[in-house]
Amino acid sequence: MSDDEFGAFFEEPEDFRPPAPEPHQTSYQRKLDGVSPKEIKLRLVGSSPLWGHMLWNAGIYTADFLDKHSQDLVKGKHVLEVGAAAGLPSLICSLNDATKVVCTDYPDADLITNIQTNFDMLKEEASLAPHLVTGYIWGQDLRPLVGRDTTDDKPELTDAEKFDLCILSDVVFNHNQHHALLETCRKALKSTGRALVVFSPHRPWLLEDDLQFFTTCEEHQLKAEKIEMVNWKPMFDEDPETVEIRSRIYAYYLVPQWD
């Protein structure tokens with residue numbers, strides 16, 4: 001057998017691996033009367049190890065909450081979202097007269113391109129606040145998010161550059177990233193700002209680890225204030241013994257404890 005024939009013997013046939021799932025469409029219905037557009041169309045990536053391929057209950061709750069409380073939380077505010085997936089909460093903020101919205105997720109090209117696509121689609125239907133869609137790794141330098149050169153000699157954001165609102169929707173399941181998330185909030189938030197944290201316990205047996213986030217936050221000079229816990233229909237039907245826990249959506253504010 002020749003070398004060429006030997007190599008061909010181990011080549012995978014063209015149909016050996018199934019193709020990656022294609023991006024797909026979904027939509028979100030705004031709950032308030034008199035808002036426009038009433039429906040927001042969303043493109044979701046076909047698959048993602050970071051779970052950005054689904055519109056989660058916590059994301060829907062967060063969007064509802066921001067729409068309902070936009071006068072207090074969003075209008076005229078500088079907003080940062082981390083772990084944005086499809087970017088729905090940021091889209092809601094952009095519709096509700098934020099001063100600027102910075103929408104971030106892990107710097108994966110498919111995820112970031114997909115979020116930008118959602119902004120571009122919505123921009124065809126409505127006027128949006130100024131916004132930036134970009135990759136960001138939790139805990140790292142915030143200067144690129146505010147348009148500043150990372151080579152300058154002042155790594156900390158000025159108060160004018162900081163954010164009034166940080167949105168953390170369905171990200172606390174990353175237990176080994178709690179400190180990085182909280183470090184981002186600590187460095188990004190104005191002393192008068194707050195973070196909105198919303199999550200569902202996708203792994204009920206690790207609920208205490210999820211909730212530990214709201215104790216760990218004290219190490220970063222942030223105080224957790226529970227808004228509410230509600231029950232929605234779980235997204236998946238398996239694991240019937242933990243339906244009640246999986247149906248929960250928790251919402252908290254993190255409030256700065258510095259001047």
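1. Helix α6, residues 178-188, lies across β3, β6, β7 (189-199), β8 and β9 (248-256). Its direction runs at about 150° to that of β7. Please bear in mind that the model is predicted.

2. The strands named above belong to an open sheet of seven strands, ordered β5-β4-β3-β6-β7-β9-β8, with mixed pairing. Strands β5 and β8 (222-231) stand at the edges; each has a single partner strand, so one side of each is left without a neighbour in the sheet. On average, neighbouring strands of this sheet are turned by 15° against each other, direction ignored.

3. Helix α4 also packs on the sheet, where it touches β3, β4, β5 and β6. The direction of α4 makes about 170° with that of β4.

4. On one side, β3 runs parallel to β6 (residues 163-169), joined to it by four bridges; Val 82 has Leu 168 as its bridge partner in β6. β3 also pairs with β4 in the parallel sense, again over four bridges, and here the partner of Val 79 is Val 101.

5. How many of the five residues of β3 are buried? Five of the five are, and the strand is thus mostly covered. His 78, Leu 80 and Val 82 point one way from β3, while Val 79 and Glu 81 point the other way. Glu 81 is therefore among the buried residues, under 20% relative accessible area.

6. Helix α5 (residues 109-123) has 15 residues and reaches 21 Å from its first C-alpha to its last, close to the 21 Å expected at 1.5 Å a residue. At its N-terminal end the helix is capped by Asp 108, a side-chain oxygen of which lies 3.2 Å from the backbone nitrogen of Asp 110.

7. Which residues of α5 are buried? They are Leu 111, Ile 112, Asn 114, Ile 115, Asn 118, Phe 119 and Leu 122. These residues lie on the same side of α5 because they cover an arc of only 160° around the axis. The face turned away from this buried side carries the exposed residues Ala 109 and Asp 110.

8. The cover over the buried residues of α5 includes β2 (39-44), α4 (88-95), β4 (100-105) and β5 (131-135). Of these, α4 is the helix that packs on the sheet, and β5 is one of the edge strands.

How values were computed
Residues are numbered from 1 along each chain as its sequence is written. This is a predicted model: local features need pLDDT of at least 70, side-chain atom pairs count only at pLDDT 80 or more; totals for chains, interfaces and linings use all residues. Side-chain values use heavy atoms; hydrogens and water are left out. Helices (H or I, at least four residues) and strands (E, at least two) are DSSP runs, numbered from the N terminus. The expected span of a helix is 1.5 Å times one less than its number of residues. Buried means under 20% relative accessible area, exposed over 50%, partly exposed in between (1.4 Å probe, protein chains only). The arc is that of the directions from the helix axis to the C-beta atoms. Contact means heavy atoms within 4.5 Å. A polar contact is a pair of N or O atoms within 3.5 Å; within protein, one must be able to donate a hydrogen and the other to accept it, and residues adjacent in sequence count only if both atoms are side-chain atoms. Two strands pair if DSSP finds at least two bridges between them. Axes are lines fitted to C-alpha atoms, for helices over the stretch in contact, and angles run from 0 to 180 degrees between N-to-C directions.
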